[in-house]
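Biologist: Please bring up the model, and we will go through some points one by one.

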Amino acid sequence: MSEFPHLIVNQARVLVYLAEFAKNASARLEPDYGLEFLGLEVHDGEEYPITDSLRHVSGHQEGQERKVKAKYVVGCDGAHSRVRESIGRKHTGKVANHAWGVMDVLATTDFPDIRTKCAIQSSTGGSILHIPREGGHLFRMYVDLGEVAEDDNRQIRKTSLENIIAKANQILHPYTLEVKDCAWHTVYEVGHRVTDKFDDVAPEEGGSRTPRVFIAGDACHTHSAKAGQGMNVSMQDGWNIAWKLGHVLSGAAPGSLLETYSTERQEVAQNLINFDREWSSLMAKRAEEFENPQELADFYIKTAEFPAGFMTEYRESMITGSTEHQRLASGFPVGKRFKSAPTMRVCDGNPVHLGHHATADGRWRIYVFADSNSPGKDTRVAAWGEWMLKSPDSPVVKYTPEGAGLDTLFDVKVIFQQHHGDIEFGPRIPDIFMPKAGPFQLTDYEKVYAIDPEADIFEARAVDRNGAIVVVRPNQYVSQVTSVRLI
């Protein structure tokens, strides 16, 4: 699926990584804790049209309320989102009348696969999804508590830890589980819900005004918690709206760009619910109901691309082009996530993954896959590079702010079909691929690549040997595939 191995990482640890990165980044961002969101009002026409009402719930200001003026608000405040309620959005769907007990425990057991992620389907009735956790001893179990009566009135959620452990032992029989310590446990009913829209603009108002309030993550889609898709899909929500807000706030794009957030992510959320409904049904099936014991594993493997983001495919829009020239690079499907591949960096001869040099900096990536000619002044790539630098129709010329660096908005790279030892820096390489950077205007040499002789990227991603251009959005989804010859 990708060059990265499959890993199980604790969500709390991911949050710590993100918080540390934000704190050490140029903006030195740190979250404010202990604030309760009470509501908001939007007054169009003002520079800061949103007024948020907040209350301190801890510290020396506990109980005090404050107002915050904002240009935009993103509500990432969970399934019971007050931001969602404040903009009149509805969380629609239903509960599947099936309950699961979840526990993070330290235990002794004779079950042989205790350090392996596995689905356990028992002939004695019920299932367990077992996930080893960090530290070498901790593990999580999602324990099937069975069907829930419609008149249960959430009584199932009062199931004790002792009953969850007893049920786990029943399912594991003839193996046994002796819990020594429980770090955390809960009971939940499987629910599948999607919000009717992910911003504050009503469907009948579409195109008439700029969205100002957005929701992401559990605030707009909820599902079961057993396939790792929740955090992964929610972080894609965040990245989708983040770069768009950055473009609009910096003046690089019009406010209409923000309309694409709800359009794109609501379809993904619905696909998520459809996927989870099938996954949850399979997890809840009794062992004897399966025609093939491998059926559950086959489904998980077949759909593994979904939580990783590779099954997401954005439709044609103002930021996603047509598939007219898709044949030029069929391994980079338009609307889908850019799939990296090995290359050789020419400046130092290092083998590198092309996609690993795309940082989350809000820039568009333009990958120019050169034709089979060696670098030179009379080549198609040279003519394209000249056009990018000088033509008034060039996106670099049209959209780069005056006085800003050549690669402020567009990170332009070239991949030649030759080996790195056959490519020499100098006048044969177009200037667009060797921009000057920083206060000393030093040359950036790390935008020129050659094929890796062990894994030719042209072959691996089915790129036409006559050349192609792959344009990638700031959140690493392919925006367009086109030909160098069209310029």
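Modeller: His221 is found in strand β11, residues 221-222; strands (E, at least two residues) and helices (H or I, at least four) are DSSP runs numbered from the N terminus. This is a predicted model, in which local features need pLDDT of at least 70 and side-chain atom pairs count only at pLDDT 80 or more, while totals for chains, interfaces and linings use all residues. Residues are numbered from 1 along each chain as its sequence is written, and side-chain values use heavy atoms, with hydrogens and water left out.

Biologist: Why does His221 count as buried?

Modeller: Buried means under 20% relative accessible area, exposed over 50% and partly exposed in between, with a 1.4 Å probe and protein chains only. His221 counts as buried because its relative accessibility is 0%.

Biologist: A polar contact joins the side chain of His221 to which residue?

Modeller: A polar contact is a pair of N or O atoms within 3.5 Å; within protein, one must be able to donate a hydrogen and the other to accept it, and residues adjacent in sequence count only if both atoms are side-chain atoms. Contact in general means heavy atoms within 4.5 Å. Leaving aside neighbours within four places in sequence, His221 is in contact with residues including His91, Arg193 and Asp237. The polar contact, at 2.7 Å, is between the side chains of His221 and Asp237.

Biologist: Are the two faces of β7 covered or open?

Modeller: Strand β7 spans residues 127-132, and six of its six residues are buried. One side has Ser127, Leu129 and Ile131, and the other has Ile128, His130 and Pro132. With these residues all buried, both faces are covered.

Biologist: How many bridges join β7 to β8?

Modeller: Two strands pair if DSSP finds at least two bridges between them. On the β6 side (residues 118-121), the strands run antiparallel with four bridges, and Gln121 stands opposite Ser127. In β8, Met141 is the bridge partner of His130. Strands β7 and β8 (residues 139-147) also run antiparallel, and the number of bridges joining them is five.

Biologist: In the hairpin of β7 and β8, which residue takes a positive phi?

Modeller: The hairpin of β6 and β7 has five residues between the strands, and there Gly125 has a positive phi near 105°. The hairpin of β7 and β8 has six residues between the strands, and the positive phi, near 95°, belongs to Gly135.

Biologist: What share of the protein chain's residues count as buried?

Modeller: The chain has ten helices and 20 strands. Of its 487 residues, the buried share is 47%.
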